Amino acid sequence: MASCKDCLHYDVCSSEELKPCPFCGERSVHLDKAYSYFRDTAIYCENCDIIFSLDDVNATEEQLIEAWNRRIDKC
């Protein structure tokens, strides 16, 4: 995730660590307001262009990060 000084065109920075993208595996993911449409914030992967948000329009950034970082344990 980019540091706050690197977020020139992104509206949101977070000190919470985001896990790599579950679709492409890259770490080029960040919180972003430009891609959030109806939500305050979304998570965006620069590599595969995925936009992740929650159905709950009142979800906090912490809830969004928690949902993004949730992974299934491998058997």
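This passage walks through the overall makeup of a protein chain and then takes a closer look at one of its residues, His 30.

The model is a predicted one. Its protein chain holds 1 helix and 3 strands, and going along the sequence these elements come in the order β-β-β-α. The chain has 75 residues, and 31% of them count as buried.

Strand 1 covers residues 29-32. In a regular strand, side chains alternate between the two faces of the sheet. Here, Val 29 and Leu 31 point one way, while His 30 and Asp 32 point the other way, and all of them are buried. Strand 1 pairs with strand 2, which spans residues 42-45; the pairing is antiparallel and runs over 4 bridges.

His 30 sits in strand 1, and its bridge partner in strand 2 is Tyr 44. His 30 counts as buried because its relative accessibility is 4%, and the cut-off for buried is under 20%. The side chain of His 30 also makes polar contacts. One of them, at 3.0 Å, is with the side chain of Asp 32, a residue that points the same way from strand 1 as His 30 does. Another, at 3.4 Å, links the side chains of His 30 and Glu 46. Taken together, His 30 is a buried residue with a bridge partner in strand 2 and side-chain polar contacts to Asp 32 and Glu 46.

Key. Residues are numbered from 1 along each chain as its sequence is written. This is a predicted model: local features need pLDDT of at least 70, side-chain atom pairs count only at pLDDT 80 or more; totals for chains, interfaces and linings use all residues. Side-chain values use heavy atoms; hydrogens and water are left out. Helices (H or I, at least four residues) and strands (E, at least two) are DSSP runs, numbered from the N terminus. Buried means under 20% relative accessible area, exposed over 50%, partly exposed in between (1.4 Å probe, protein chains only). Two strands pair if DSSP finds at least two bridges between them. A polar contact is a pair of N or O atoms within 3.5 Å; within protein, one must be able to donate a hydrogen and the other to accept it, and residues adjacent in sequence count only if both atoms are side-chain atoms.
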